[in-house]
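Me: I would like to go through the charged pairs and the surface of this model. Could we begin with the structure itself?
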Amino acid sequence: MKLLQIKMYRRINYIAAILVLVCGFGAQAQVTTSSPYSRYGLGNIKGSLLPQFRAMGGISTAVGKVTGFNNINMQNPASYASINLTTIDIGMSASTTNLTRGNLSESSFNSTFSHLAFAAPVTRRSALSFGILPYSDLGYSYKSTTKVDTTTLNQLYEGEGGLSKAYLGYGYRFGDHLRIGGNLEYIFGNLQTTRATEFQSAGALNAKLQNKNSVAGLNYSYGIQYDFNVGKKTLVTLGYSGSTSGKINSTQTFFATQYTRDQDGNENTAIDTLSSINNGKSSLTLPLSHNFGIAIQENDKWLVGADFRMSKWSKTSINGINQGLQDSWGASLGGQWTPDAYSYNSYLKRIDYRLGVNYDKTYIRINNQDIKQMGASLGFGFPLPTATGGTAFYKINFTTEVGQRGTLNNNLVKEQYINFHLGFTLNDTWFRKYRVD
């Protein structure tokens, strides 16, 4: 028994050290995006996907356990019922973005801590999960210049912040084939935007609108999965998940001010405040969403699947104002192949190889032009050595996504990006009761 306790303490210390390392890196990294399209709605929607699912194009609705290894799939909480070992997943992400408009281009790099998730079986038929991950991010700064008669006018747009999601979920299995589950989600964060109109001359009277929404409230998501065997080794899974269209509390701070700039271009203290709202009580409406998926797999060998998703963003409002968004939809196709998950003489055969593609018509429409996004992903799951006689299994998941959003048509911006996702996953037998003779 004492030896068992020592092993448990070592595992806890090991995971704690990794948490400190990743959280410390995320705290120092720049937690923002650099996308003019994040100006619309709630910013760039991140999706509840860990690196191993992003590598397969984002398929997740019908995915449970793959090659006998437990993964936390919070996109469909019904999948929790497949978890039979204590599972921890932590990670970080980074991205490089290139923006193009006409003959102009600009590049940026951002990185951040991406997720922390935990899951553990409660009974032989059920498991719970909790964690925290990004919901959306907001980050842009650009200028639009026009000429009115002989006067040059600059429109300045800036935004920063984003929303995070903490969740608590539970999944239960009925019989051998049906699983259901749900998540209670706490959405929180700040959305800050600034819009200014400036005359290109020193001493001119300029105007600025500053708006901040502090968001905090509950939402719900749910899911179901049903699988059946085709032959002796092949399993087909059908899945559905969705989230409610709930209202979340928001506190608004708003200032409309007038100001000037000095000869060096520095902004002077505001001359006048034309309008203000301080800690005004309001709300934010989230969209009703639906996800449908199918996955086919041969146990411990391969999996292929497809997802279709749709969200009713046209009903989204902030501070009671409809955001002018359109309903979105998207599709993903991807899979995973593991040559031999239990190979003793070839490490390359035990690696998970993942590939996927995705396409989305986003909720943004500008100048009668739908803003679309498409990408391809490639990823690997690298198993780590396990001590002889040990009960813990470790895996490092690495994913690269390459894609683009937007278009150069109608004087719009084309955004090309490369995203990197790194995750560390642990499976172990924590919290199990042992008999001591």
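Me: Is Arg261 buried, partly exposed or exposed?
Reply: Arg261 is partly exposed, because its relative accessibility is 24%; buried means under 20% relative accessible area, exposed over 50%, and partly exposed in between (1.4 Å probe, protein chains only). This is a predicted model, in which local features need pLDDT of at least 70, side-chain atom pairs count only at pLDDT 80 or more, and totals for chains, interfaces and linings use all residues. Residues are numbered from 1 along each chain as its sequence is written, and side-chain values use heavy atoms, without hydrogens and water.

Me: Which side chain meets Arg261 in a salt bridge?
Reply: That of Glu198, at 2.8 Å from N to O; a salt bridge is a side-chain nitrogen of Lys or Arg within 4 Å of a carboxyl oxygen of Asp or Glu. Glu198 lies in strand S6 and Arg261 in the loop between strands S9 (247-259) and S10 (272-285), so the pair ties together parts 63 residues apart in sequence. Strands (E, at least two residues) are DSSP runs, numbered from the N terminus.

Me: Which residues are joined with them into one network?
Reply: Salt bridges with shared partners join Glu198, Lys208, Arg261 and Glu267.

Me: And how many salt bridges are there by this rule?
Reply: The count is 13. One of them pairs Glu185 with Lys165 at 3.7 Å, N to O. Glu185 is in strand S6 (residues 178-199) and Lys165 in strand S5 (residues 151-174), 20 residues apart.

Me: Are Glu185 and Lys165 buried or exposed?
Reply: Both Glu185 and Lys165 are buried.

Definitions and conventions. Helix = DSSP H or I, 4+ residues; strand = E, 2+ residues; numbered from the N terminus.
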